[in-house]
Amino acid sequence: RCKNLSVSFWNSYWMLPSDVCGMNCFWEAAFRYDYMKTHPSEKMHLAVVACGERLEETVTMLRSAIIFSIRPLQFHIFAEDQLHDSFKNILDDFPYEGKVNYTLYPITFPNESAAEWKKLFKPCASQRLFLPLILKNVDSLLYVDTDILFLRPVDDIWSFLGKFNSTQIAAMAPEHEEPRIGWYNRFARHPYYGVTGINSGVMLMNMTRIRRKYFKNDMTPVRLQWGEILMPLLKKYKLNITWGDQDLLNIMFFHNPESLYVFPCQWNYRPDHCIYGSNCKEAEEEGIFILHGNRGVYHDDKQPTFRAVYEAIKNYSFGDDLFHSLLQPLELELQKTMHTYCGKVYKVFVKQLTKSIRDLYARRSK
């Protein structure tokens with residue numbers, strides 16, 4: 001991935017600034033490929049929950065995962081029954097090249113409390129809490145919201161599993177980098193993780209560890225397992241939580257902080273990272289790795305920078321040249337957004353994307 005590892009290839013495209021890669025880049029690439037070498041046939045499991053009008057958004061997310069990923073992908077798609085045929089018709093036409101499989105699941109909650117879970121925050125959102133209990137044969141899983149776009153191979157975030165210490169069971173990014181605009185530290189009426197809380201839109205899980213762990217809590221001196229703790233938490237805090245299942249996860253990891261691996265903000269880059277001024281330093285240095293278009297920004301004109309990336313990936317045709325059919329048109333659109341705060345830092349939206357495309361063509365050339 002570093003330019004000095006493949007100089008002849010880079011000479012055929014425009015060069016990156018000399019400070020993009022260095023020893024950090026070298027060691028990061030070395031770790032990633034070492035992990036892949038020791039886990040060569042490991043299938044990466046990606047889960048998403050889609051309800052209502054989220055079909056197109058979910059498909060676009062899946063497209064972004066397929067474009068750059070290296071190892072086989074297994075999609076676990078939890079969707080309302082009326083969406084299943086549409087998903088099947090679209091996904092069966094994707095040119096997977098043998099590296100992608102998918103399974104469709106209905107939306108299911110525990111029978112005795114299904115009504116309560118369904119109405120928590122947004123329709124179906126709390127389904128993610130039950131994935132360790134439903135996907136019993138899946139060891140590890142990356143859950144993402146439908147409004148996620150991968151600008152880097154899924155392999156790279158998957159490799160964080162190899163960085164977990166013996167107590168860590170999941171990885172998420174902070175909700176905010178800047179406490180002055182943080183929601184949890186200013187408004188939350190319940191415990192939350194760390195200084196500004198965590199965002200659950202991108203959640204990497206070692207589900208075997210999750211199923212085995214007994215969690216400390218503020219309801220009983222007895223530690224409870226995942227399946228035992230969810231309903232008591234909801235009953236205790238349902239009048240105090242605003243963001244539904246994300247709040248419950250914050251409460252759980254507040255009491256069990258040793259169980260969470262926190263990854264940097266460029267792995268879950270949201271409008272809050274730029275609409276008040278740029279506050280994700282890692283993205284400024286390395287680019288955005290995973291874009292999270294919450295607040296519906298892919299579908300309105302409030303944040304045209306986010307929408308431009310979404311439209312570019314949605315409209316890209318598999319097999320077309322990524323430089324000319326995706327990257328170059330996207331850069332032109334992003335330059336039109338410089339009147340906005342996010343547009344002023346539009347280069348962070350294409351820095352990693354450029355490297356991911358070069359990396360992809362380098363692998364193909366070999």
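The link of Cys265 and Cys280 is right-handed, with 95 degrees about the S-S bond. It is a disulfide, and its sulfur atoms lie 2.0 Å apart. A disulfide here is a pair of cysteine sulfur atoms within 2.5 Å. In general, such a link is a covalent bond between the sulfur atoms of two cysteines. Both Cys265 and Cys280 sit in the loop between β10 (260-262) and α12 (281-286), so the pair ties together parts that are 15 residues apart in sequence. Helices (H or I, at least four residues) and strands (E, at least two) are DSSP runs, numbered from the N terminus. Cys265 is buried, at 1% relative accessible area. Cys280 is buried too, at 0%. Buried means under 20% relative accessible area, exposed over 50%, and partly exposed in between (1.4 Å probe, protein chains only).

The model is predicted: local features need pLDDT of at least 70, side-chain atom pairs count only at pLDDT 80 or more, and totals for chains, interfaces and linings use all residues. Residues are numbered from 1 along each chain as its sequence is written, and side-chain values use heavy atoms, with hydrogens and water left out.

## Disulfides

How many disulfides does a search of the whole structure find? The search finds 3.

| Pair | S to S distance | Torsion about the S-S bond |
|---|---|---|
| Cys51 and Cys124 | 1.9 Å | about -95 degrees |
| Cys265 and Cys280 | 2.0 Å | 95 degrees |
| Cys274 and Cys342 | 2.0 Å | about 85 degrees |

The torsion of Cys51 and Cys124 is about -95 degrees, so this disulfide is left-handed. Cys51 lies in the loop between β1 (44-50) and α3, and Cys124 in the loop between α5 (114-118) and α6 (131-134), so the pair ties together parts that are 73 residues apart in sequence. Cys51 counts as buried at 8% relative accessibility. Cys124 is buried as well, with a relative accessible area of 8%.

The torsion of Cys274 and Cys342 is about 85 degrees, so that disulfide is right-handed. The pair links distant parts of the chain. Cys274 is in the loop between β10 and α12, while Cys342 is in helix α15, 68 residues apart. Cys274 and Cys342 are buried.

## The overall fold

The secondary structure comes to 16 helices and 11 strands. Of the 366 residues, 57% count as buried. Contact means heavy atoms within 4.5 Å. Among contacts with a separation of 6 or more, 72% come from residues 24 or more positions apart.

Helix α13 (residues 304-315) has 12 residues. From its first C-alpha to its last, α13 reaches 16 Å, close to the 16 Å expected at 1.5 Å a residue. The expected span is 1.5 Å times one less than the number of residues. Buried residues of α13 include Phe306, Val309, Tyr310 and Ile313. The buried residues of α13 pack against α3, β5 (148-150), β11 (290-292), α14 (322-335), α15 (341-344) and α16 (348-365).

Arg63 is found in helix α3 (residues 55-68). Arg63 is buried yet has no salt bridge. A salt bridge is a side-chain nitrogen of Lys or Arg within 4 Å of a carboxyl oxygen of Asp or Glu. Which side chain of opposite charge is nearest to Arg63? That is Asp320, 8.2 Å away. Lys and Arg count as positive and Asp and Glu as negative; His and the chain ends are not counted. A polar atom of the Arg63 side chain lies 3.3 Å from the backbone oxygen of Ile313. Arg63 also touches other residues, among them Phe94, Tyr316 and Phe318.

## Salt bridges

The count comes to 20 salt bridges. Arg152 and Asp156 meet at 2.6 Å, N to O. Arg152 is buried, with a relative accessible area of 2%. Asp156 is buried, at 4%.

Glu175 and Arg270 form a salt bridge at 4.0 Å, N to O. Glu175 lies in the loop between β6 (170-174) and α8 (184-187) and Arg270 in the loop between β10 and α12, so the pair ties together parts that are 95 residues apart in sequence. Glu175 and Arg270 are buried.

Glu116 pairs with Lys238, the closest N and O atoms being 3.3 Å apart. Glu116 is partly exposed, at 24% relative accessibility. Lys238 is partly exposed, at 42%. A network of salt bridges links Glu56, Asp301, Arg307, Glu311 and Lys314.

Definitions and conventions: A polar contact is a pair of N or O atoms within 3.5 Å; within protein, one must be able to donate a hydrogen and the other to accept it, and residues adjacent in sequence count only if both atoms are side-chain atoms. Lists of a residue's contacts leave out its neighbours within four places in sequence.
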